[in-house]
Amino acid sequence: MSPTLIMDFNRTVSRPLPQLGLMENEVGETHLLGWNLPAEDLIHIPEHWLKYQEPSALQHYYLAFMYTLFTFIALFGNGLVIWIFCIAKPLRTPSNIFVINLALCDFVMMAKAPIFIYSSINRGYQGHFLCQLFGVAGAFSGLGASATNAAIAYDRFSTIAKPFDGRMTYGRALFLIVCIWTYTLPWGILPLTEKWNRFVPEGF
């Protein structure tokens, strides 16, 4: 059996036998990622990804279905946390400020998921603007959530290690929230403006 023959770096790959999950036509050809994109879109995609084969439509649709479920569950759950915090005054404690910040980050994280779902349904890259929006929302929400979890851990440690004088105050909680977003914002803004690195499409 002859080995894989690469016909064109960014066009097709000929294989002697079909492989599971790849889109093949009658003669056994599979497309590489980016094969159908115009030049103005290809310039935004690292060449590294262009040597991989395009996933099948079934794989794209499966991801779209799963992420639709995740999105509804996450938006409902985190939205409920935010809503309860807003209407229940007894819950507005200094420590719970971190919980609401975490819920907000997670809400934003899944609020960008429709971009991924839309791209999966249409089987691939859907333009530079949506890519940048997806990237900056992910940077803000992901790093914000991570830093907030660190603040929650610090709050729990202080409460346990110093039960009498280690309780969180509103002033300290708000200061930590400001620190969280001061740390997070540059990681989203600098790649967005391409002052430091840039957001690029994922390989799938």
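Helices (H or I, at least four residues) and strands (E, at least two) are DSSP runs, numbered from the N terminus. The structure is a predicted model, in which local features need pLDDT of at least 70 and side-chain atom pairs count only at pLDDT 80 or more, while totals for chains, interfaces and linings use all residues. Residues are numbered from 1 along each chain as its sequence is written, and side-chain values use heavy atoms, with hydrogens and water left out.

K51 lies in the loop between α1 (39-42) and α2. Its relative accessibility is 48%, so K51 counts as partly exposed (buried means under 20% relative accessible area, exposed over 50%, partly exposed in between, with a 1.4 Å probe and protein chains only). Although K51 and G203 are 152 residues apart along the chain, their C-alpha atoms are separated by 10.0 Å.

The axes of helix α2 (residues 57-87) and helix α4 (residues 113-121) come within 8 Å and cross at roughly 160° (axes are lines fitted to C-alpha atoms, for helices over the stretch in contact, and angles run from 0 to 180 degrees between N-to-C directions). Helix α2 is therefore roughly antiparallel to α4, a term for angles over 145 degrees.

Contact, defined as heavy atoms within 4.5 Å, joins H60, Y61, L63, A64, Y67, T68 and T71 of α2 to A113, P114, F116, I117, S120 and I121 of α4. Within helix α4, S120 has 3% relative accessibility and therefore counts as buried. When residues up to four places away in sequence are not counted, S120 touches H60, Y61, L63 and A64.

Technical notes: Angles under 35 degrees count as roughly parallel, over 145 as roughly antiparallel, 65 to 115 as roughly perpendicular and the rest as oblique.
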